[in-house]
Amino acid sequence: MKDIFKITPYAREKALTYASLIGDKEYIGFLLRPLDDEREITQDVVLGEVSKSGSFVKIRGDNIVHVLNQAYNEGNEPIGWLHSHAKHSTYFSSKDVEEMEKDAIHDFSPVTLRTIIEQIQAEQVVEDDLTKLIIGDAFEIECKKEIPNIYQKRSIARVWGYVVNANGNEYAEVAKKEYCNSCHTELISPTKKVDILVEDLHDNRKVDTRKIEDEVKAKTYKPLLGFKRRKVAPLTEEDKLAFDFTARLADAYQKHPKNLSKFKNLLQEYCKSAGDSHG
Ligand SMILES: [Zn+2]
């Protein structure tokens, strides 16, 4: 069966609204579905982070936890990720493909893991009281009684990737992971382009542009990774004096690195003035 990326009109409009509001910058977020809905249909999207500059958006680990926790609390779970390409065309870059196959397939797909049980292609030949089971050209087994059907259990997980841009273009890919419960091997199929189907589930939700604007502001990448910018208190007279002193000290050292007497003089002068000011 052909894989198709399915998204509701609401989720799609929200994804495109983020992109058009963010404009020249890129964003990264998640594709969500309700926890109680087994269908792989994106019914909501959530913004993760907005990049500081034009290209290359990356989401911090603590933000992933924060954003997805909130999604779970609102009754949703991720089935993939989305990002924007600002005003550039929509496609999957080699970096995007790598993200799909190395991280996203493990991080955002286990919830979509489906165990399927399939019958092994086999042929049974009954001759007199002997049953012969032929599995392709792999092997043959002879048995004195009828052999029951042999089933193999496989788990399949899919992760969806959706790319939008500020001009309203869109693009989607899917990556697949298969896990064999018998031999415990994991096979990741290369990510591939898929068609997009807008499926109206008539949930009647409307995109609130004002709310999205606030969300964009709150989730715009901070220039210093992991640090919050704090307001710096103005310098006191004492600070200024100390700064001035260290500047003169550095200057003296650079001019006469071997002559420490100038240093000593400066230090004495500084200590005296500091002592004076404190009585
Ligand atoms: Zn990309």
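Me: Where is His 85 placed?
Reply: His 85 sits in the loop between strand 5 (76–84) and helix 3 (94–107). Keep in mind that this is a predicted model.

Me: Is His 85 buried or exposed?
Reply: His 85 is buried, because it has 23 C-beta neighbours inside 10 Å and 20 or more count as buried.

Me: Which residues is His 85 in contact with, leaving aside neighbours within four places in sequence?
Reply: Those are Glu 26, Thr 90, Val 163 and Asn 165.

Me: And what separates the C-alpha atoms of His 85 and Val 164?
Reply: The separation is 6.4 Å, although the two residues are 79 residues apart along the chain.

Me: Switching to helices. At what angle do the axes of helix 1 and helix 4 cross?
Reply: Helix 1 (residues 9–22) and helix 4 (residues 209–218) cross at roughly 60 degrees, and their axes come within 10 Å. The two helices are therefore oblique to each other. Their crossing is right-handed.

Me: Which residues make the contact?
Reply: Helix 1 contributes Thr 17, Tyr 18, Leu 21 and Ile 22, and helix 4 contributes Thr 209, Ile 212, Glu 213 and Val 216. By class, five are nonpolar, two polar and one charged.

Me: Now strands. How many residues of strand 4 are buried?
Reply: Seven of the seven residues in strand 4 (residues 44–50) are buried.

Me: How many bridges join strand 2 to strand 4?
Reply: Six bridges join strand 2 (residues 27–34) to strand 4, and the two run antiparallel. Gly 29 stands opposite Leu 47 in strand 4.

How values were computed:
Residues numbered from 1 in each chain as written. Predicted model: local features only at pLDDT ≥ 70, side-chain atom pairs only at ≥ 80, totals over all residues. Axes fitted to C-alpha atoms, helices over the stretch in contact; angles between N-to-C directions. Helix = DSSP H or I, 4+ residues; strand = E, 2+ residues; numbered from the N terminus. Parallel < 35°, antiparallel > 145°, perpendicular 65-115°, else oblique. Left-handed = near helix turned anticlockwise from the far one by under 90°. Contact = placed C-beta atoms within 7 Å. Nonpolar A, V, L, I, M, F, W, Y, C, P; charged D, E, K, R; others polar. Buried ≥ 20, exposed ≤ 12 C-beta atoms within 10 Å, placed from the backbone. Pairing = 2+ DSSP bridges.
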